[in-house]
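Please look at the structure before reading on.

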Amino acid sequence: MNKLVSELESNLSSMPKRISKISDLEAKPLPSKWSKKEILGHLCDSGNVNHQRFVDIIASTQVVTLKSYNQDFFVEIHDYQHSFTVEDILHLWISINKQIAALLVNVSEEQWKLECKADAQNIQTFEWLVRDYIDHMNHHLGQILAD
């Protein structure tokens with residue numbers, strides 16, 4: 001699973017410089033849509049939620065049921081658009097994901113196979129969940145980098 005850790009670490013090393021060069025991070029495409037800055041904040045929320053999920057799965061002796069969260073509410077309540085600079089949010093995103101990468105480096109081969117219940121009681125492995133987290137991150141990073 002070092003491939004997943006490497007992909008995560010690659011994002012951590014390359015994305016901050018690329019994101020810092022974007023001039024329209026605070027522009028909202030529509031009042032009801034997130035700005036790129038808010039998307040980055042959402043990635044921090046996603047990192048926090050998924051870090052807790054990862055710890056819960058590794059620590060549990062039973063199959064963990066993943067709880068969903070209201071993503072729009074999280075972005076709204078944290079007020080990423082007005083309460084933080086882009087640099088603050090980038091620093092937070094890097095810190096959260098460094099913590100996740102450190103956790104993943106220490107996951108055993110058996111732990112990668114641990115199961116969790118995703119949407120509608122669908123059983124998935126811990127490896128699937130980590131892959132899904134990184135794919136989700138890549139999707140949103142693509143939105144941030146898009147012109």
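In which kind of crossing, left-handed or right-handed, does H2 pass H3? H2 passes H3 in a right-handed crossing; a crossing is right-handed if the near helix is turned clockwise from the far one by less than a right angle, and left-handed if anticlockwise. This is a predicted model, in which local features need pLDDT of at least 70 and side-chain atom pairs count only at pLDDT 80 or more, while totals for chains, interfaces and linings use all residues. Residues are numbered from 1 along each chain as its sequence is written, and side-chain values use heavy atoms, leaving out hydrogens and water.

**The helix pair**

- The axes of H2 (residues 36-59) and H3 (residues 71-78) come within 10 Å and cross at roughly 115 degrees; axes are lines fitted to C-alpha atoms over the stretch in contact, with angles from 0 to 180 degrees between N-to-C directions.
- H2 and H3 are therefore roughly perpendicular to each other, a term for angles of 65 to 115 degrees.
- Helices are DSSP runs (H or I, at least four residues), numbered from the N terminus.

**The contact**

- Glu38, His42, Asp45 and Val49 in H2 meet Gln71, Phe74, Val75 and His78 in H3, where contact means heavy atoms within 4.5 Å.

**Helix H2 and Val49**

- H2 is mostly covered, as 18 of its 24 residues are buried (under 20% relative accessible area, with a 1.4 Å probe and protein chains only).
- Val49 lies in helix H2 and is buried, with a relative accessible area of 16%.
- Leaving aside neighbours within four places in sequence, Val49 is in contact with Tyr69 and Phe74.

Notes: Helices (H or I, at least four residues) and strands (E, at least two) are DSSP runs, numbered from the N terminus. Angles under 35 degrees count as roughly parallel, over 145 as roughly antiparallel, 65 to 115 as roughly perpendicular and the rest as oblique. Buried means under 20% relative accessible area, exposed over 50%, partly exposed in between (1.4 Å probe, protein chains only).
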